[in-house]
Amino acid sequence: MTDIQPDLECRDLAKSFDDFQAVDRVNFEVPKGSFFSILGPSGCGKTTLLRMISGFQSPTSGDLRIKGRSMIGVPPNKRPVSMVFQHLALFPTMNIGDNVGFGLRQRGVGKAEIRKRVDEVLERVGLPGVSARRVDQLSGGQKQRVAIARCMVLEPDVLLLDEPLGALDLKLREHMKVELKSLQAAFNTTFVYITHDQSEALVMSDNIAVMNNGRFEQVGTPHDVYHRPGTAFVAGFVGDANSFNAKVTAVNGANISVATDAGVEMKIEAADAGLSVGQNAQVFLRPEAIKLVSSAADIGDSVNVSAGVVDSVLFNGANSSVTVRSTTGGLLKVALPQTGDYTALQKGDEVFTRWHPKQARCFQLAGGAR
Amino acid sequence: MSVKLTNLGRLALATTAIAALPMMASADTLRLLTWGGYAPEEVIAKFEAETGHTVEVTTSNNEEMIAKLRATNGGGFDLAQPSQDRITSAQEEFGIYKPIDMSKVDAAQFIPSMLTATAGNSSFEGEVYGLPHVWGTSGLVVNTAMAGNVQDYTDLCDASVAGKVSYRLKRPTLIGFAFSMGMDPFAAYGDSAAYQGVLDQVEAKLTECKPNVKTYWGGGDEIKNLLRSGEVVASMAWDTGGWQLNADNPDITFVAPKAGALGWIDTFVLPARGRADDAAYDWINFVMKPEIAAMITNTAGNFTAAVDGDAGVNADLKARYQGSFDQQAIDNIKWYPPVPAGLEAMEGATLDRINAAN
Amino acid sequence: MKSDASRLGFYLLFAPILLWLVVLIILPHIGLFIVSISEKVGPRQYETGFGNYAAFFGEPLYWRTFARTAIMSIAATALTLVLGFPIAYYIAKLTRGRTKTTLFLMCMIPFWVSELVRTFGWMILLRETGVFSNALQSLGLVSGPVEMLYNDAAIMVGLVYTSILFMVVPLVTTLDSLDDSLIEAGYDLGGSSTSIMREIVIPHAMPGIVSGCIVVFMLSLGNYLTPILLGGKDSLWFTGMIYTQFITRFNWELGSAFGFLLLGLSSLVVFLGLKLSGQTLSQTMGRS
């Protein structure tokens, strides 16, 4: 036992429905006071996992501990966790004060004490004096904060959040990401956040678990997950990437040569890809890792250069990109530098692309050699 | 002013009531308001074949007949068949009938004594309103194997049949009990104070008798069902009901009470706003033919006022009739005289109090 | 042009409602009221006055029957709610898809036959020679036949049975609209089953509860067949009294006054019920 006990700990946690394995022996720990996200596509089992933590579903096998205490067989109303529901689940028949005070009332706290603590927590989430209002008198963001206050007033060991930003419009969502992060820091409570939106996970989390088909593909910091994806799934799911199926043609220490199915030769520097000649591999290349070069003269002695024609320009402010159709026929998505160069680029312009061998990620393709 | 207002109110009520009645028919459609069994299918078929009229039958009972005719001020039907004692009071209060034109009636088909008696009982302001048709009695229907000691109305209150008797909470019960208690309610008809005295005594008796009663029956099928199942062993009821049950179970039969069975005569009357009087007279003359009268007796179970009407009646029914009524019992039948207007209100209050008593 | 056409359309749509209201509701009530304020002074002679209403208050029998009817209707309503709520909760919250439809349909099947038939059904079950009595005897639980008919309990059974659908339907509708996550949130925040029922489910279902109660109360109060047939000799019911006044006593005047008093009574009870539950008529009737 370590001296700093994790707030939440799962050991070989599994859940199966009939023939379907929703959660498959998941292991993780969430240290106290951290923001932990579970990121995955819909149907990956993240909701089932969350419902097991909150107690609405019981695991088929494995153990789940909160502050070292096993939660197996403990009903949801006896667990030191609280949950912010996807649609918040504020009680429409109660005013804000009664909503926030609900949990305290269940614990038999005195009326005056409830009022005091409700007012305190509402103040902390930035909504002083809304106690008497009805739920439908609040804006989406305010409801969000009330839902958090309703949980936080109970001072749970772990706060679970089930995609609570899903229903908000884009602008508010961007704003709430920052706000949630700062609320978490202010309360210093462990947050477990599930989402299918990678940007939410990347912005807010201390650690992210990427989940797929009931398993954790990778657990790591946002930086790790983005820049050092552990599996092909993570590389493809987190962030944008151009992906190619290729065959390994040569391995020389960290330097690997592959040939894509379209016949393009690529040189990749990957220290621990564990590939050998003849294997099928999947190569991921982030759009921002590719540089555009207008003239052949500027290429120099770079590797991984190919000529192409601009196929389309996707203007999206700072996130603008172009797709380039290379002479071999493949399409490549390239991010435009934020410096404002290449703003004059138009469809049909001839360009060269190049990228550094260290920028690509290469994984052995599932199923091995074809 | 108040009369006008009242008329307006009546009109409004009548409008809604009319909506519930069959649509107005052409002149040769006879809309007949009668009792169950008085217009058998085969009789209607014969009548329609013979005269070309069509017949629409609505079955009902005394109170509902009057209530229906009152709702329409005597419209909606061309011929009705209330009991003879319920004609003059209803005519006096509501004016829902029109006088009989004796020239259109084949009087020779009627038993003269009954025709005269009914004419006397249904005369109002010098006009005759009723012709006799079917007659019968009400008395006791007893399961003789289980309640042989029930011989009179008041015997229904005997401890030996506790919880196993039934009667209607209607005026015949009041009358029957009054006779059985040694009073003559018919003699008191004209004197409301005396009649109230009779009612008060009967009320006391019936209230005292209430624990003995299983339930107050409402319809003929209900009481027959209760008697047949043995849940009730003695009840006030019509003679025909007893005879029908006797056919299934020889133990059950109609008993003419010692105090006298109550005799009633159902009549023909013309509703004030009936529109097919000729068809109505045709029907009257048709059903009073002996062979038709016998057909009606065979279905309704009661005898008619038709001359020789009992000739074609089946032997079983005759035998049951004779079993229930010897000559003395026939002589002892108390025939209902016309009910004076306002008497029903007094009786109603008494019945309500009995119903509410615990 | 267009507005003319749409106005015509409006009147065409409005006409049946107006006609229905005026001919079948307002006119008869005006007529009834006029009849109720005419006092009979002799054959075919009437005077305007409130004597019929006075007669009601002067005769204990009348207003006792009135009170008995109201109290038993309220009791029947409460019983229907107590029985109907778990049924509705089960259908709305604990079943899905085909099972839900089947259960809902099973609640409705008895209502495909007439009220008379349903009541006779109960008579067959409860009477002395009936199914229950025979079953108890053959099980050896009782030594002789038992009469379960012709008492207040039988009336209550009949009233609850005839009206339970009208409680279950609005309840299922409102409970259906209760988001499951609200119940889960209640548990998550430490609520027990009882407190969740009290603080979340019942407040949410309140409009359904109130509208169901209004309908059931009205149906019980206005029921005629069930009390008469199942209650037997102790079946005093106010509608029966109105019927008697109209049909067997020929006293339309008093009957009309009774009718108006019944209207007033039911309105008063509904009003009090709404006030006590803090609901408004538009909330409850608009929702279900």
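Reply: Happy to! Let's start with strand β1 of chain B, residues 29–34, which runs parallel to β2(B) and is joined to it by six bridges. Helices (H or I, at least four residues) and strands (E, at least two) are DSSP runs numbered from the N terminus, and two strands pair if DSSP finds at least two bridges between them. Across this pairing, B:R31 stands opposite B:E56 in β2(B).

A word on the model: it is predicted, so local features need pLDDT of at least 70 and side-chain atom pairs count only at pLDDT 80 or more, while totals for chains, interfaces and linings use all residues. Residues are numbered from 1 along each chain as its sequence is written, and chains are lettered from A and ligands numbered from 1 in the order in which they are written.

Now the whole sheet. In chain B, three strands make an open sheet with parallel pairing, in the order β2-β1-β3. Its edge strands are β2 (54–59) and β3 (79–80) of chain B, each pairing on one side only. In general, strands of a sheet pair through backbone hydrogen bonds, either parallel or antiparallel.

Next, the other chains. Chain A holds eight helices and 20 strands, and its C-alpha atoms fill a box of roughly 80 × 45 × 40 Å along the principal axes. Of its 370 residues, 37% are buried (20 or more other C-beta atoms within 10 Å of a residue's own, with C-beta atoms placed from the backbone). Chain C has 13 helices and two strands; its C-alpha trace spans about 80 × 75 × 35 Å along its principal axes, and 38% of its 288 residues count as buried.

Conventions
A residue is buried if 20 or more other C-beta atoms lie within 10 Å of its own, exposed if 12 or fewer, and partly exposed in between; C-beta atoms are placed from the backbone.
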